[in-house]
Amino acid sequence: MKIKNLFFFFLFFFLFSNLNTSLKAEDNVNTYPSAWLPVDNYEFEPVVEGTAVDHCFIIQNKGTAPLNIEKVRTG
């Protein structure tokens, strides 16, 4: 009887310790998007009014979830 109880105790301890470890590993996984810009601002040169000006901004997603850019504002 004591051997049976000891066996179940170790079985429960082993299962509980593995469950706790797997939950901690899942918590550390980054499941959010993370926008990364190599240059955080850009200064345009003065131009004549009415002249078209453009610049390509590089945005990289360093996270694991999709990055959706929904609102862009000029400043």
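Analyst: Tyr42 is partly exposed, with a relative accessible area of 39%. Here, buried means under 20% relative accessible area, exposed means over 50%, and partly exposed lies in between (1.4 Å probe, protein chains only). The model is a predicted one, in which local features need pLDDT of at least 70 and side-chain atom pairs count only at pLDDT 80 or more, while totals for chains, interfaces and linings use all residues. Residues are numbered from 1 along each chain as its sequence is written, and side-chain values use heavy atoms, with hydrogens and water left out.

The structure holds two aromatic pairs. Rings of Phe, Tyr and Trp (its six-membered ring) pair if their centres lie within 6.5 Å; planes under 30 degrees apart count as stacked, over 60 as edge-to-face and the rest as tilted. Tyr42 and Phe44 form an edge-to-face pair, with 4.9 Å from centre to centre and 80 degrees between the planes. Phe44 is partly exposed, at a relative accessible area of 41%.

Tyr42 also pairs with Phe57: the ring centres are 6.5 Å apart and the planes stand at 90 degrees, so this pair is edge-to-face. Tyr42 and Phe57 each lie in the loop between S1 and S2, so the pair ties together parts that are 15 residues apart in sequence. Strands such as these (E, at least two residues) and helices (H or I, at least four) are DSSP runs, numbered from the N terminus. Phe57 counts as partly exposed, at 49% relative accessibility. Tyr42, Phe44 and Phe57 form one aromatic cluster.

The cluster residues also belong to a surface feature. Tyr42, Phe44, Val47, Val53 and Phe57 form a nonpolar patch on the surface, with about 480 Å² of accessible area together. Patches are made of residues with over 30% relative accessible area and no salt bridge; like charges are joined within 9 Å, and nonpolar side chains (Val, Leu, Ile, Met, Phe, Trp, Tyr) within 5 Å. A salt bridge is a side-chain nitrogen of Lys or Arg within 4 Å of a carboxyl oxygen of Asp or Glu. Accessible areas come from the Shrake-Rupley method with a 1.4 Å probe; for residues, only the protein chains shown count as cover. Val47 lies in the loop between strand S1 (35-36) and strand S2 (60-61).

Finally, the wider setting may be noted. The protein chain has one helix and two strands, and buried residues make up 3% of its 75 residues.
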